[in-house]
Structures are given as structure tokens and as C-alpha cells.
Amino acid sequence: MTNSPMPLLRIDQVAKSFGKTRAVDGVSLDIHENEFFALLGPSGCGKTTLLRMLAGFEALDSGQILLSGKDISPLPPEKRPLNLMFQSYALFPHMTVRQNLNYGLEMERLPRKVIRTRVDETLASTDLTALADRKPDQLSGGQKQRVALARALVKRPKVLLLDEPLGALDKKLRERMQLELKRLQHEAGITFIIVTHDQEEALVMADRMAILKDGKLLQAGTPEEIYEEPADRFVANFIGIMNFLDGEIDGTHAFVVDGSRHPIAVRHGPRKATLAVRPEHVRITERADGLGVVITDVAYHGLDRVLHTKTVASGKPLQLRLSAAEGQRYAAGQTIMIALDAAKCRIY
């Protein structure tokens with residue numbers, strides 16, 4: 001979290017309902033200057049509604065949106081220094097790339113020389129100069145995505161809002177454009193707020209992120225904080241792969257599952273509890289007091305292998321991640337003993 005005294009954008013107890021459905025339920029967030037911030041959650045969690053409220057396309061039922069300390073909640077979209085880039089790109093099909101970029105600046109009645117300079121700079125920074133005279137139907141999906149982004153950037157908004165901007169792209173292009181977006185955000189020095197349902201996308205691009213569910217904010221923090229220290233079971237399950245083991249905490253601060261005791265860094269907790277641990281924090285051990293598991297499958301992922309297992313006693317599923325070389329030693333049907341990294345376990 002930055003130490004900036006005032007956030008660029010403050011979302012304060014914002015709420016919105018559609019009939020009996022509470023789409024956004026008292027969400028409060030601070031977003032800082034030059035930050036790449038991701039709103040993440042399953043379909044219907046309220047992230048797109050929140051983005052549309054920031055842009056001014058949805059009225060607030062209650063709460064405030066403050067930009068640099070000023071309440072912009074009553075302002076219409078065209079009066080807000082925020083720009084929304086739609087997933088569909090919404091390019092003008094009869095205009096060239098340059099004309100698409102010119103349009104918004106012409107509507108602001110800027111001098112022709114200023115428009116020319118600013119459009120040229122933006123075309124260069126988004127690697128579109130060679131495509132300036134083409135129309136949208138002559139462009140690939142990735143090129144259209146860059147044009148839509150350039151058209152938003154050329155207006156130099158304080159905040160750029162992006163609603164699933166990479167959703168229409170194939171996997172390889174999507175991964176390349178994730179890095180492109182991050183580079184452009186850094187070079188432009190503009191705050192980006194992106195809505196996505198793709199956890200991997202958010203982890204790659206975001207400086208900080210917020211997890212929403214049923215209109216409520218569950219957790220906000222850096223990708224590392226949310227991955228390593230999820231606030232609840234939903235967040236733990238939503239971000240990355242997580243093993244969940246039901247058991248109990250005994251009087252010596254150990255977690256007992258299927259008769260196997262595992263030290264945990266928890267001093268207090270319910271006797272009956274669920275332990276959560278990432279696959280990379282499970283290791284194979286030679287100790288007889290480890291947890292016995294049977295390998296059901298070995299999945300090759302290039303740099304590593306994931307062992308899919310189930311506990312011997314109760315058949316609980318559990319995954320562990322090994323290097324590709326180490327994982328090569330194991331095969332389906334083997335029984336092995338595993339231990340858990342105490343410092344990395346979470347109790348729910």
C-alpha cells in the first residue's frame with residue numbers, strides 16, 4: 001500500500017441495486033496515482049457495475065466517488081476525466097486509425113496542431129504509426145485492441161477504465177497484450193483500473209487488486225498479499241490452486257488430519273478447522289509421521305509437474321507442485337508421504 005496522503009480515486013461506501021439485486025454493496029476502495037488496479041471476481045460479482053459507476057454510466061444509490069478529493073458522483077460521463085475502454089473496442093468502421101484517434105480530440109475543439117502532435121505521439125507509443133491509414137476491417141484483433149487503447153490514451157485521462165479489454169483475444173495474443181498494457185500504463189503515467197474475471201491476468205498486470213463477490217469487497221491488496229494471505233476461503237479458492245484439508249487443531253498447536261500431525265503457525269483457532277495450503281508448499285518427506293497419499297495422476301506443465309493425489313485414509317484430494325526433473329521420479333499408483341510448510345498454511 002502506498003504512503004500517499006490522498007488517493008487519486010476514493011470509492012466511499014458505494015452501493016447500487018437493480019430491483020431486489022444488490023449489485024454493489026457498500027464498497028470502499030482507495031486507488032492511487034499511476035497505479036494498475038484490477039477488479040476481480042466471478043461473473044455477477046458487481047465489478048462491471050462498479051466500473052460503470054466510476055465512468056458515470058450508472059448512477060449511485062448511495063456513497064461517493066472522489067477524484068483528487070472532489071466528488072464526481074453527480075457529473076455525467078463527458079465531464080469526468082476518466083475514459084472507459086469497452087471490450088468490444090467500439091471503433092468507427094468508416095474511419096481510419098488516425099481518424100478514430102482524432103475524433104475525441106476534435107470534439108474537445110483542440111487546435112489542429114495539438115491534435116496532430118498528440119495523435120502522432122500516441123500512434124508511435126502504441127506501435128500503430130504504420131497502420132494509421134487503415135480502417136478497422138483491415139486490422140487483426142490485436143491491432144484493433146491497440147487502436148481502442150490508443151484512442152483512450154490520446155485523451156490523456158487521469159484514469160483509464162478497462163472492461164475485460166483482452167477478452168476477445170486468443171491465448172498467445174492475450175498474454176502478449178498483458179505485458180503491452182503494463183508497459184503502456186507505465187509509459188503513459190496514467191492510473192489504469194481493469195475489470196477481469198481472469199485471475200492469472202490480474203496477477204500478471206496489477207500493482208494491487210480487489211476481490212469482489214455478490215457485490216461485496218472481500219479483500220484488497222497486492223497480488224502477493226492476496227495469493228499468500230487470502231482473507232477467507234473464497235479468496236483462497238478463487239486465486240490460484242489451493243488444497244483444503246478438514247481436520248482439527250490439537251493442544252500443541254498442530255493440525256491433525258487422518259491421524260497425521262502437522263505443526264502450524266496458528267496459536268488459537270477452532271478445534272474443528274480447515275487447513276489451506278498451496279501445492280508448492282507441500283513437500284515429499286521420508287518421515288514416518290507424514291501424511292500418506294496415493295498419486296492418482298502426474299500432470300506435466302513444462303517447468304514443473306503437478307502430482308494429483310488423495311490421502312490414504314480418507315481419500316481427500318491434494319495437489320503438490322514439483323520441478324519437472326523431480327516430478328519425473330513419480331507415477332500414478334505410488335504411495336508417498338508428504339509434509340506441509342507450517343509458515344505457509346492458513347486455517348479457516
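A pocket, as the word is used here, is an open set of grid points with protein on both sides within 12 Å along at least five of seven lines, and its lining residues have an atom within 4 Å of a point. In this predicted model, the second largest pocket is lined by Gln199, Glu200, Leu203, Tyr227, Gly240, Ile241, Pro279, Glu280 and Arg321. Helix H6, residues 199-205, gives the most to that lining, with three residues. By class, the lining divides into four nonpolar, two polar and three charged residues. The volume of this second largest pocket is about 320 Å³.

The largest pocket has a volume of about 680 Å³. Its lining holds 24 residues, and the closest to the pocket centre are Asn83, Leu84, Gly104, Arg151 and Lys155. Strand E6 (82-85), H2 and H4 are the elements that give two or more residues to this lining. Its composition is 16 nonpolar, three polar and five charged residues.

Of these elements, helix H2 spans residues 97-107, and its buried residues are Val97, Arg98, Asn100, Leu101, Asn102, Gly104 and Leu105. Just after H2, Arg109 takes a positive phi of about 60°.

E6 leads on to the strand pairing. E6 and E7 run parallel and are joined by four bridges; Met85 has Leu162 in E7 as its bridge partner. On to strand E8 (residues 191-196), E7 pairs again in the parallel sense, over five bridges. There the bridge partner of Asp163 is Val195 in E8.

How is strand E7 covered on its two faces? In a regular strand the side chains alternate between the two faces of the sheet. In E7, Val159, Leu161 and Asp163 lie on one side and Leu160 and Leu162 on the other, and all are buried. Five of the five residues of E7 (residues 159-163) are therefore under 20% relative accessible area.

In soluble globular proteins, nonpolar side chains tend to be buried together. Here the largest nonpolar core has 43 residues, and those with the most contacts inside it are Leu149, Leu181, Phe192 and Met209. H4 gives the most to this core, with six residues. A second, separate core has 28 residues, including Leu29, Ala55, Leu82 and Leu212.

Leu181 shows what surrounds one of the residues with the most contacts in the largest core. With neighbours within four places in sequence left aside, Leu181 is in contact with Phe36, Gln145, Leu149, Leu162, Pro165, Leu166, Phe192, Ile194 and Met205. Leu149 and Phe192 in that list are themselves among the residues with the most contacts in the core, while Leu162 is the bridge partner of Met85.

A search of the whole structure finds one cavity of 30 Å³ or more. The largest cavity has a volume of about 30 Å³. It is lined by Tyr227, Glu228, Pro230, Met242, Ala276, Val277, Arg278, His281, Lys344 and Arg346. Helix H7 (223-228) and strand E14 (272-277) each supply at least two residues of this lining. By class, the lining of the largest cavity has five nonpolar, one polar and four charged residues. Tyr227 lines this cavity and also the second largest pocket.

How values were computed:
Residues numbered from 1 in each chain as written. Predicted model: local features only at pLDDT ≥ 70, side-chain atom pairs only at ≥ 80, totals over all residues. Heavy atoms only, no water. Buried < 20%, exposed > 50% of the residue type's maximum accessible area, 1.4 Å probe, protein only. Core = buried A, V, L, I, M, F, W, Y, C linked by side-chain atoms within 4.5 Å. Contact = heavy atoms within 4.5 Å. 1 Å grid on protein atoms, 1.4 Å probe; cavity = no way out; pocket = protein on both sides within 12 Å on 5 of 7 lines; lining within 4 Å. Points joined across faces, edges and corners; volume = space filled by probe spheres on them. Nonpolar A, V, L, I, M, F, W, Y, C, P; charged D, E, K, R; others polar. Pairing = 2+ DSSP bridges.
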